[in-house]
Amino acid sequence: MTRKHNFSAGPAALPQAVLEQAQQEMLDWQGRGLSVMEMSHRDKAFIEVAETAERDIRELLAIPENYKVLFLQGGATSQFSMVPMNLLRGASSADFIDTGIWSRKAIKEAGRYAQARVVASTESQAYCRVPGQAELDLDPAAAYVHYTTNETIGGVEFDYVPETGEVPLVADMSSDILARPIDVSRYGLIYAGAQKNIGPAGLTLVIVRDDLIGETVAGTPTMFDYKVHADADSMNNTPPTFAWYMTGLVFKWLKAQGGVEAIAQINQRKAEKLYAAIDGSGFYNNPIDRPNRSIMNVPFTLADSNLDSRFLDEAQAAGLLNLKGHRSVGGMRASIYNAVPEASVDALIAFMQEFERRCG
Ligand SMILES: *Cc1c(COP(=O)(O)O)cnc(C)c1O
């Protein structure tokens with residue numbers, strides 16, 4: 001068996017060391033004679049797993065005391081409704097920055113509960129950049145300002161944190177959380193589906209300032225109330241215990257790499273060399289403005305799109321998997337999350353150069 005180079009956008013590659021540990025512990029976890037996914041979530045041993053994961057993410061992101069960390073289900077997509085249900089708090093509108101497909105989905109869902117004002121959009125520029133601070137037409141009476149730090153499909157990423165004054169800032173960080181250090185205190189709420197940069201699918205991380213929760217719109221289901229989850233330590237019902245355990249292993253792995261500062265340097269290096277290979281060729285192209293190029297998702301096209309399927313077939317034969325771009329944009333996309341080794345990026349670049357020599 002050989003592990004191949006996996007550039008999947010999500011569910012995405014996990015660190016090999018984490019998979020090996022999970023494999024080793026699968027049948028007999030910590031000498032207890034059963035796997036971690038076969039025990040009660042109320043078991044003291046599992047609660048220790050859960051609490052350790054929370055302690056580690058608090059340490060990794062330096063999360064202040066007045067923020068709750070919730071381990072939920074339903075994906076980032078559920079957060080598109082959970083955020084307005086909990087954060088509107090009597091207001092009639094919220095502000096949104098539109099930078100692509102994921103922002104648009106968040107806007108559409110919030111529109112079911114309030115006026116979702118688009119304060120800036122780069123749609124007319126094919127989403128090849130993010131709007132600057134001066135372009136944001138913010139409303140001081142908005143319940144919150146929502147943006148997508150990294151558009152996973154378009155490969156466009158904010159290079160600054162929007163300044164929103166007293167209005168809480170909400171961020172969908174599904175595809176770039178833990179890629180670099182962040183200042184959590186700048187945010188009212190951060191959410192992320194696990195399956196890109198955190199762990200297996202099934203778990204959704206929410207980091208929320210504690211004064212923002214406790215007041216929901218009428219009719220909010222119990223399971224959509226942040227306060228319910230906060231008061232129950234994310235165990236109001238059965239949580240996705242195995243995904244939580246795996247996520248805890250990923251946090252330990254990250255700490256062993258030197259934490260988020262250290263992984264950020266590796267991420268920067270991986271992204272820089274891949275973009276340099278694209279820009280240095282006359283054959284590959286990435287359309288995103290340089291300061292807003294994603295360090296996690298790198299879309300690129302070939303000079304001749306008739307070669308796309310040949311590129312993908314040969315890449316796969318060379319052990320480079322999941323490079324097909326999203327159906328809405330076409331071309332290729334290499335997702336190079338924390339768990340994708342630098343050697344995989346090197347292998348991709350070598351393949352691209354060799355393919356261009358033969359076919360360019
Ligand atoms: C993947 C993704 C989502 C959707 O996540 P689900 O867990 O499938 O609901 C939302 N936003 C961004 C930025 C994503 O990358």
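Student: Which domains is the chain divided into?
Tutor: The chain splits into domain 1 (18-256) and domain 2 (258-359), with bounds that come from an automatic or database domain assignment. This is a predicted model, where local features need pLDDT of at least 70, side-chain atom pairs count only at pLDDT 80 or more, and totals for chains, interfaces and linings use all residues. Residues are numbered from 1 along each chain as its sequence is written, and side-chain values use heavy atoms, with hydrogens and water left out.

Student: How many residues of each domain are in contact?
Tutor: 27 residues of domain 1 are in contact with 26 of domain 2, contact meaning heavy atoms within 4.5 Å.

Student: And what area do they bury between them?
Tutor: About 2,100 Å², 56% of it on carbon and sulfur atoms. Buried area here is the accessible area (1.4 Å probe) that two parts lose on being put together, summed over both.

Student: How many salt bridges are there between the domains, and how many polar contacts?
Tutor: There are zero salt bridges between domain 1 and domain 2, a salt bridge being a side-chain nitrogen of Lys or Arg within 4 Å of a carboxyl oxygen of Asp or Glu. The two domains do have 16 residue pairs in polar contact, both residues at pLDDT 80 or more. A polar contact is a pair of N or O atoms within 3.5 Å; within protein, one must be able to donate a hydrogen and the other to accept it, and residues adjacent in sequence count only if both atoms are side-chain atoms.

Student: Which element gives the most on the domain 1 side?
Tutor: Helix 6, with four residues. Helices (H or I, at least four residues) and strands (E, at least two) are DSSP runs, numbered from the N terminus.

Student: New topic: is E157 buried or exposed?
Tutor: E157 is buried, at 1% relative accessibility. Buried means under 20% relative accessible area, exposed over 50%, and partly exposed in between (1.4 Å probe, protein chains only). E157 lies in strand 7, and its side chain makes a polar contact of 3.1 Å with that of R180. Among the residues E157 touches are P291, N292 and R293.

Student: What about K273, which residue does its side chain meet in a salt bridge?
Tutor: D346, at 2.7 Å from N to O. K273 sits in helix 7 (residues 259-279) and D346 in helix 9 (residues 342-359), 73 residues apart. K273 is partly exposed at 26%, and D346 is partly exposed at 35%.

Key
Lists of a residue's contacts leave out its neighbours within four places in sequence.
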